[in-house]
Amino acid sequence: MRTWIALLAAAALLTGCATWTLVDGGARQDVAGGYSVEPQVAWSRIRQGGVELWTVDGPALQALRFFEPIGDGDPLFAAQGSDELPVFSSRMTASEIQEFVVHSTQRGGGARVAARELRPWRLGSLEGFRFELDFLNESGLEMTGIVAGAVAGEKLYLIAYTGARAHYFPKYATHVERLLASVRISA
């Protein structure tokens, strides 16, 4: 099984044209065909498949993922090999979407995946949800994260920030909180 990072790296090898670019921390950015945000700090970005990944210190240490709006019947990320991944339904409740993310993370290589603190959250102009996520990556590194999302027009808008619990997650957590508060949905 591969982690999200490994899945994105594999996609880069397959496409051969994915390149990292710099995100200006001081200017609003359009992201993943569904959002605009105020980055707060400079990030590096790469777009692969249906995910735009941002990082400062490297995706193995911390990453901010903007998922293109996910439609009915679509997985969180593209399946590699014969592994079938859970799929989204616009009829899912917030707790079912939380389970969808947990199971997708497990199928992507995360171990001891646990979600906590599911609560209502405003994502841009949309009534949505937010929860925290804890897991071990393939290397056994303790990761933690924030997942925020909303459903509109039968699509799931989802943003996930994950990082190594010991240092990298808290290093940018305040910037990510401000970035999440700046989200505008282009639904």
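**View 1. The whole chain, a predicted model with its confidence.** Residues are numbered from 1 along each chain as its sequence is written, and side-chain values use heavy atoms, with hydrogens and water left out. Since this is a predicted model, local features need pLDDT of at least 70 and side-chain atom pairs count only at pLDDT 80 or more, while totals for chains, interfaces and linings use all residues. The pLDDT is the predictor's confidence in each residue, from 0 to 100. Its mean over the protein chain is 87, with 88% of residues at 70 or more. Strand β9 (residues 142–152) scores highest, with a mean of 96, and helix α1 (residues 4–15) scores lowest, with a mean of 42. Over residues 1–16 the pLDDT is below 50, and beyond near neighbours in sequence this stretch has 38 contacts in the model (contact means heavy atoms within 4.5 Å). The chain has three helices and eleven strands, taken as DSSP runs numbered from the N terminus (helices are H or I, at least four residues; strands are E, at least two). Along the sequence they read α-β-β-β-β-β-β-α-β-β-β-β-α-β. Of the 187 residues, 49% count as buried. Here buried means under 20% relative accessible area, exposed means over 50%, and partly exposed is in between (1.4 Å probe, protein chains only).

**View 2. Ser182, in a loop.** This serine sits in the loop between α3 (168–181) and β11 (184–185). Ser182 counts as buried because its relative accessible area is 10%.

View 3. Look in the loop between α1 and β1 (21–23) for Trp20. At 43% relative accessibility, Trp20 is partly exposed. Trp20 and Ile46 are 26 residues apart in sequence, yet their C-alpha atoms are 4.8 Å apart in space. Beyond residues up to four places away in sequence, Trp20 touches Ser44, Arg45, Ile46, Leu53, Thr55 and Pro59.

**View 4. Strand β5 and its two partners.** All five residues of β5 (residues 51–55) are buried. In a regular strand the side chains alternate between the two faces of the sheet. In β5, Val51, Leu53 and Thr55 are on one side and Glu52 and Trp54 on the other, and both faces are covered. Strands pair if DSSP finds at least two bridges between them. β5 pairs in the antiparallel sense with β4 (residues 43–48) over five bridges, and with β6 (residues 62–71), also antiparallel, over four. Val51 is the bridge partner of Gln48, while Leu53 stands opposite Arg65 in β6. The β4–β5 hairpin has two residues between its strands, and there Gly49 takes a positive phi near 60 degrees. In the β5–β6 hairpin, with six residues between the strands, Gly58 has a positive phi near 115 degrees.

**View 5. Helix α2, end to end.** Buried residues in α2 are Ile97, Gln98, Phe100, Val101, Val102, Ser104 and Thr105. Just past the helix, Gly109 takes a positive phi of about 115 degrees.
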